[in-house]
Structures are given as C-alpha cells and as structure tokens.
Amino acid sequence: MRKIGIIGLGHVGATIAYTLVTKGIADELVIIDTNDDKTTAEEYDLRDTLARLDTFTKIIPQDYDSLSNADVVITAFGNIDSIKMDGDRFGELNFNTAAVEEVAANLKTSGFNGVLINISNPCDVVTTLLQQQTGLSKTQVFGTGTFLDTARMQRAVGQALHEDPKNVSGYVLGEHGESQYTAWSTVEVKGHPITRLAEEKGLDLTSLDQQARRGGWLVFSGKHYTCYAIATCAIKLAQAVLSDAHLACPTSVYLEEYGHYIGYPAVVGRKGIIEVNSISLSIEEKAQLDNSAKIIKEKLNK
C-alpha cells in the first residue's frame with residue numbers, strides 16, 4: 001500500500017496530487033490545506049477522474065491522523081504573493097516559518113514516521129526548520145533543493161548544444177535561490193566534460209549558469225508561478241523512496257559541516273537519505289558552496 005500525503009494545495013501541491021492520481025503512483029492520497037474549500041474542490045476534481053483511469057486512488061481530505069502510516073509526506077505550503085512582492089524566494093520566509101510550526105506540530109501529533117520531502121521556500125531554511133520541529137531524523141527529512149535547478153541547468157546546456165537534457169549530467173549546488181551555482185567541474189554531456197566542449201564550441205559557461213539560475217523567474221514572470229518542473233522533481237523523489245531506488249541526485253540535504261540543509265548530491269531510498277554523496281570540487285566551487293551556506297545560515301539565525 002503506497003500512501004502519500006500532500007500539505008499545501010497551491011499550484012504545485014495540486015499538480016503533484018493530479019499526477020500521483022492519474023499515473024497511479026499512490027494507492028492512498030491524503031490532501032491537506034488551510035483552505036477547506038480549496039481542499040474540497042481538489043478532492044472532488046480528483047475523484048471525478050477516477051472513472052476514466054485504469055487505476056484507483058483513495059482520496060483522504062483534511063486528515064492529519066491519516067498520515068500516521070504514510071510512506072511519504074510532501075510539504076508544498078506557501079504564499080506565492082510574498083514572492084511577487086520582492087522577487088526573492090526568501091520573500092516567503094516569514095509566512096512559511098509560521099506555517100512550519102503548525103505543520104510540524106500536527107505531524108508530530110499524527111505519529112507520522114515516514115519520509116518528509118519539502119518543497120516550500122526558502123527550501124533549505126524551511127527543510128531545516130521542519131526537521132528540527134518535527135523531531136524526525138535528518139535522513140528522513142530532505143528537500144527538493146537544487147534537484148530542480150540542476151534540471152534547469154540540463155535544459156540550458158541541452159538547448160545550447162541541441163542535446164536532450166537527459167544527456168547532460170552534473171550538479172547545481174548550494175541554496176535553492178540566488179546564491180546557487182553550477183559546479184562546472186561535474187558537468188558532462190554524453191560523457192564529455194563541458195569545459196572541453198565549451199572551448200571547442202565557444203560556449204559561455206557564465207551565461208549558461210545565469211540561464212539556469214534565472215530559469216524559474218522566466219516561468220514566473222509569464223504565469224506568476226511555477227508548477228510542472230518542481231512537481232515532477234518531487235514525484236521522482238517520492239518514487240525513489242517508495243521503490244527504494246537508491247537514486248543519486250542533488251537534494252536539499254543536511255551537511256554536518258554547515259549544520260543545516262543545502263543543495264548537495266545525495267542518495268535517496270526507502271528510508272530517505274541513504275548517504276551524502278561527497279564529490280570533489282575545485283577551490284572556487286567549494287568557496288561558492290561555503291558562501292551559499294553562509295547565506296542560508298544568516299536566514300536561519302533570523
């Protein structure tokens with residue numbers, strides 16, 4: 001029995017719920033939002049798909065107690081208007097800090113002891129707070145982090161080289177935010193180092209890094225939210241947990257060195273983070289990671 005909970009039914013949470021149901025990924029789906037009418041609307045919109053699907057998912061609305069035996073809970077709460085006001089993912093910090101307290105308390109009361117995957121922004125800060133306040137282990141809690149930003153880098157590099165983005169490997173590291181960066185020493189295209197290809201084809205890696213970093217804002221400026229890519233990332237991570245896939249990918253993971261969560265390679269399986277996948281970085285790339293960690297820490301201290 002595959003049971004998943006979603007807390008927060010905005011554009012992202014609703015997209016995740018729809019995908020989980022229509023693809024038959026969850027046998028039971030618990031959907032929770034502070035807006036009862038929104039939850040009811042999503043519940044019945046999902047129920048109305050069931051007669052036309054080849055699979056069945058039990059939809060359970062507004063019931064934290066039902067999360068006691070959930071395999072995965074995905075947190076997607078937030079206030080998108082906060083980002084619109086200042087154009088920064090940290091714009092949601094005050095709103096989501098308060099939301100964390102309520103969500104964490106309810107999760108503790110429910111007895112939930114599965115894997116918690118956080119999307120809510122600022123992702124690394126909120127993931128850190130959720131782990132602290134739920135009391136779940138640091139391996140049970142992680143965030144989407146730079147998993148999404150790495151996909152945006154793959155898209156940018158793929159477009160520049162007319163390649164399928166799946167043929168691009170490597171990592172975007174650090175904060176899921178303005179201080180993120182592409183670790184170009186890790187990036188390859190079909191096994192060929194991007195640094196060599198850049199020399200051969202005259203690619204501007206600084207420009208490509210900017211395209212990856214600003215990719216989300218390009219979407220946001222056109223439709224005032226993002227949903228498909230981040231929902232896809234969250235679902236892939238949830239499936240890695242359900243199937244014990246041992247998926248190697250960047251997530252917002254707890255690093256002892258910094259004392260908080262940050263975008264870095266890890267391995268995801270049935271119990272959450274199986275291991276932190278330590279990689280070699282150049283001196284400059286390590287300095288960028290340190291700087292990004294410092295920015296996250298400053299926000300946490302506030």
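Predicted model: local features only at pLDDT ≥ 70, side-chain atom pairs only at ≥ 80, totals over all residues.
Visitor: Why are I7, I16, L20, L29, L67 and L107 placed in a nonpolar core?

Guide: A core member must be buried and joined to others through side-chain atoms within 4.5 Å. These six belong to the largest nonpolar core, of 76 residues, and touch the most other members. Helix α9 (residues 228-242) gives the most to this core, 10 residues.

Visitor: What makes L67 a contact of residues such as G5 and F112?

Guide: Contact needs heavy atoms within 4.5 Å. L67 touches G5, I7, V30, I32, V73, L107, S110 and F112, leaving aside residues up to four places away in sequence. A second, separate core has 16 residues, including M153, A198, L205 and A212.

Visitor: How do you know which residues line the largest pocket?

Guide: A lining residue has an atom within 4 Å of a pocket point. For the largest pocket, 40 residues qualify, and A76, F77, G78, N79 and E92 lie nearest its centre. The volume of this pocket is about 880 Å³. Helix α4 supplies the largest share of the lining, 5 residues.

Visitor: What makes K166 and K236 charged residues in the second largest pocket?

Guide: Lys counts as charged. Both residues lie nearest the pocket's centre, along with F147, A151 and Q154. By class, this lining holds 11 nonpolar, 5 polar and 3 charged residues. The pocket's volume is about 500 Å³.

Technical notes. Residues numbered from 1 in each chain as written. Heavy atoms only, no water. Buried < 20%, exposed > 50% of the residue type's maximum accessible area, 1.4 Å probe, protein only. Helix = DSSP H or I, 4+ residues; strand = E, 2+ residues; numbered from the N terminus. 1 Å grid on protein atoms, 1.4 Å probe; cavity = no way out; pocket = protein on both sides within 12 Å on 5 of 7 lines; lining within 4 Å. Points joined across faces, edges and corners; volume = space filled by probe spheres on them.
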